[in-house]
Amino acid sequence: MNRMKWTGLFVLVVLVPYLFFSSVYTVSEVEQVIITQFGKPVGAPVTEAGLKLKLPFIQEVNAIDKRVLEWDGNPSDMPTKDKLYISVDLFARWRITDPLQYFLRLRDERSAQSRLDDILGSETRNAVAKHELIEIIRTTKDRVPLRDALLSGGERALDTSAWVPIQKGRQQVEGEIFVAAAEKVRIFGIELLDIRFKRINYNESVRPKIYDRMISERRQIAERFLSEGNGEAARIRGDRVRDLDKIQSEAYRQVEEIRGQADAKATEIYARAYNLNPESVAFYEFTRSLQAYKAVISQNTTLVLSTDSELFKYLKGMEPKGPASPADVMQAPQ
């Protein structure tokens, strides 16, 4: 009797609490639950938070997250319509809207991420292959490019910085990927919320060539600026030489004008001085004749003069001291 009493007490103290806790479970606000019995789902998914009951031992609780989840794909290389290989990195946001379908087809988040890799990667590759690179990296159609302040008027007139026209743009390409992928993931009980390009870059094999071309273009611009600078420097030096020649010619003209005015003034003064009386006029004629003798007669000079010549007037009245040779006579005015 005592043994049966202790057995009943053991059942009440140990087994009953154990059975109670095995049949009770809680559902959080951020999760939903699928109850399985021998591996198969039973009943409807539990989506409301709170304390719930299940059959102990034979039923299991499978929690499924109902928050917005993240998918971050690995960068993958793919060709564009214009045969350029680019590396595309995507990210997406999704959530589980049909937990029963999700559990039956995928079971856990790891399988869901793997299936999203396949679907989103495939749709991205298809979309990129149908569009040119400019359509994937550009967003707006009517964007006005910034102009370099260093461009000259002629270069601005060429409008070399105009954007290549696009038909869709990156946002519409993302929309095409989203629509195609959302339809395919819906059968797994998943709702695709958003998808975006995180990074688009050239393939590693062509990236050095792109960088070399960019460097070459920058060098061409630098050479153009250097050439323009040298041309401007040559123009400035030419202007300096021209201005210097102009200043020198103006100075020379002013010097000659001043010199002419001075000569005219001196001549006027001489004229007034020599025209005071007949004696001053005669003296002026005498001094001018002497200057003429000094200019035209040298040691080996032979003159043939008329007796009526003005030069001969002063020579004929001169008498040499003692016997004199014709050369002495010629040297007398000196």
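Me: How much space lies in the second largest pocket?
Reply: The structure is a predicted model. Among the residues that line the second largest pocket are Ile137, Tyr202 and Arg218. The space in this pocket comes to about 300 Å³.

Me: Which helix gives the largest share of the lining of the second largest pocket?
Reply: The lining includes Ile210, Arg213, Met214 and Glu217. By class, the lining residues divide into four nonpolar, no polar and three charged. The largest share, five residues, comes from residues 207-274, that is, from helix α7.

Me: Which strands stand at the edges of the open sheet of three strands, and why is one side of each left without a neighbour?
Reply: The open sheet has the order β3-β2-β5, with antiparallel pairing. Each edge strand has a single partner strand, so one side of it has no neighbour in the sheet. The strands at the edges are β3 (40-41) and β5 (59-65).

Me: Which residue of β5 stands opposite isoleucine 34?
Reply: Strands of a sheet pair through backbone hydrogen bonds, in a parallel or an antiparallel manner. Strand β2 (residues 31-37) pairs with β5 in the antiparallel sense, over seven bridges. Opposite isoleucine 34 stands asparagine 62.

Me: How many residues apart in sequence are the parts tied together by arginine 93 and glutamate 70?
Reply: A search of the whole structure finds 19 salt bridges. In one of them, the side chains of arginine 93 and glutamate 70 meet at 3.3 Å, N to O. Arginine 93 belongs to strand β8 (residues 85-96) and glutamate 70 to strand β6 (residues 69-72), so the parts that this pair ties together are apart in sequence by 23 residues.

Me: Is arginine 93 buried, partly exposed or exposed?
Reply: A residue counts as buried under 20% relative accessible area and as exposed over 50%. The relative accessibility of arginine 93 is 27%, so this residue counts as partly exposed.

Me: How many residues separate lysine 198 from aspartate 72?
Reply: The side chains of lysine 198 and aspartate 72 meet in a salt bridge of 2.9 Å, N to O. Lysine 198 is in strand β9 (residues 190-202) and aspartate 72 is in strand β6, so the link joins distant parts of the chain. The separation is 126 residues.

Me: Which strands are tied together by arginine 95 and glutamate 191?
Reply: The side chains of these two residues form a salt bridge at 2.9 Å, N to O. The parts that the pair ties together are 96 residues apart in sequence, because arginine 95 and glutamate 191 lie in strands β8 and β9 respectively.

Me: What is the phi of lysine 83?
Reply: Lysine 83 is placed in the loop between β7 (76-79) and β8. With 69% relative accessibility, lysine 83 counts as exposed. Although lysine 83 is not a glycine, its phi is positive, at about 65 degrees.

Me: Where is arginine 107, whose phi is near 75 degrees?
Reply: Arginine 107 has a positive phi in a residue other than glycine. Its relative accessible area is 46%, so arginine 107 is partly exposed. Its place is in the loop between α2 (99-105) and α3 (109-129).

Terms used. Residues are numbered from 1 along each chain as its sequence is written. This is a predicted model: local features need pLDDT of at least 70, side-chain atom pairs count only at pLDDT 80 or more; totals for chains, interfaces and linings use all residues. Side-chain values use heavy atoms; hydrogens and water are left out. On a 1 Å grid over the protein atoms alone, a cavity is a set of points where a 1.4 Å probe fits but cannot get out, and a pocket is an open set with protein on both sides within 12 Å along at least five of seven lines; lining residues have an atom within 4 Å of a point. Grid points are joined across faces, edges and corners, and a volume is the space filled by probe spheres set on the points. Helices (H or I, at least four residues) and strands (E, at least two) are DSSP runs, numbered from the N terminus. Ala, Val, Leu, Ile, Met, Phe, Trp, Tyr, Cys and Pro count as nonpolar, Asp, Glu, Lys and Arg as charged, and the others, Gly among them, as polar. Two strands pair if DSSP finds at least two bridges between them. A salt bridge is a side-chain nitrogen of Lys or Arg within 4 Å of a carboxyl oxygen of Asp or Glu. Buried means under 20% relative accessible area, exposed over 50%, partly exposed in between (1.4 Å probe, protein chains only).
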